[in-house]
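Dear colleague,

I am passing on the structure we spoke about, together with an account of what was found in it. Please open it alongside this message and follow the residues as they come up.

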Amino acid sequence: MTTDGGTAVLETRTLEMAFGERKLWSGLDLHLKPARMTALTGPSGSGKSTLLNCFGLLEKPTGGEIRYGDRDLTRLGPGVTRRFRRDVLGYLFQNYALVENATIAQNLDVALRVRRVRGGKARSVAADALERVGLAGRDDERVSRLSGGEQQRVALARLLVKRPKLVLADEPTGALDHGNTETVVRLLREMADDGACVVIATHDDWVRDQCDEVVAVDAYTG
Ligand SMILES: Nc1ncnc2c1ncn2[C@@H]1O[C@H](COP(=O)(O)OP(=O)(O)OP(=O)(O)O)[C@@H](O)[C@H]1O
């Protein structure tokens, strides 16, 4: 199965999502390649987060298929779902989703343990990731004391450590200044260059313009 770390195309076939009578989107046929960055655009409420949540196995679409490699993600059993989340998926949110009471190093440890990287190797992987996000040597600082931009860079360092093949970023720069926005996009690009399929829901025109593909979710409304 495609939870072994290999890259795969993420494809949707006649995907549809409805909440009661209200159809959010339908007839969604997408083909998202590895090593590419795709922007999901559309006005507030058009269903960008909902689509990311379907890709991330947090919500189930009401119709159609989501194929990742040889599997339909809408029909995975609980064991494969857990492995897929652990081994393939990486999420980046606007609100960082870090353990705020823990240090930067402890937040990275979570991802390192999942990859079973320990000891000296773990320290060097973490140090390399922190260097890449501009937080070298700040391992022991508590996340709650960091600025928003720094917290998002810790979340990125955690992704760099995890090396997910499918990166889902939900408005990851919504709360950041342009400098931090550029850093986030540069690091997402590095993950794409490393082979990841990167999908970014965004309202930011500059972020959209850095992507290889743009999917206007509102074009599939109703
Ligand atoms: N579980 C749910 N039950 C009913 N409606 C829902 C549910 N989840 C989302 N919605 C509705 O679906 C619509 C799309 O929400 P979503 O958050 O995906 O939009 P979005 O395009 O990401 O918006 P934004 O740009 O503001 O983040 C919203 O109107 C929301 O209220």
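Predicted model: local features only at pLDDT ≥ 70, side-chain atom pairs only at ≥ 80, totals over all residues.

After the helix comes Leu57, which has a positive phi, near 65 degrees.

Leaving aside residues up to four places away in sequence, Cys54 touches Met17, Glu59, Pro61 and Ile66. Thr173, by comparison, is 119 residues from Cys54 in sequence, and the C-alpha atoms of the two are 21 Å apart in space.

**The ligand**

Around the ligand are Phe19, Leu24, Gly42, Ser44, Gly45, Ser46, Gly47, Lys48, Ser49, Thr50 and Ala201. Helix 1 gives the most to this shell, with three residues. Sorted by class, the shell around the ligand has seven polar, three nonpolar and one charged residues.

**The chain as a whole**

The secondary structure of the chain comes to seven helices and nine strands. For 222 residues the globule rule gives a radius of gyration of 17 Å, and the value for this chain is close to that, at 17 Å, so the chain is as compact as a globular protein of that length. Taken along the principal axes, the box that the C-alpha atoms fill is roughly 50 × 35 × 30 Å. Of the 222 residues, 39% count as buried.

In soluble globular proteins, nonpolar side chains tend to be buried together. The largest nonpolar core of this chain has 59 residues, and those that touch the most other members are Leu156, Ala157, Val167, Leu188, Val198, Val199 and Ile200. Helix 5 (residues 148–162) provides the largest share of this core, seven residues. The core lies between domain 1 (1–88 + 164–222) and domain 2 (100–163), because both domains give residues to it. As for Val167, the residues that it touches, not counting those up to four places away in sequence, are Gly90, Leu92, Leu159, Leu188, Met191, Ala196 and Val198.

**The two domains**

The domain assignment of the chain gives domain 1 (1–88 + 164–222) and domain 2 (100–163), and the C-alpha centres of these domains lie 24 Å apart. Their contact takes 12 residues from domain 1 and 13 residues from domain 2. On the side of domain 1 that touches domain 2, the largest share, five residues, comes from helix 6 (residues 178–193). By class, that side of domain 1 has eight nonpolar, two polar and two charged residues.

With best wishes

Key: Residues numbered from 1 in each chain as written. Helix = DSSP H or I, 4+ residues; strand = E, 2+ residues; numbered from the N terminus. Rg over C-alpha atoms; globule rule 2.2 N^0.38 Å. Buried ≥ 20, exposed ≤ 12 C-beta atoms within 10 Å, placed from the backbone. Near = placed C-beta within 6 Å. Nonpolar A, V, L, I, M, F, W, Y, C, P; charged D, E, K, R; others polar. Core = buried A, V, L, I, M, F, W, Y, C linked by C-beta atoms within 7 Å. Domains from an automatic or database assignment. Contact = placed C-beta atoms within 7 Å.
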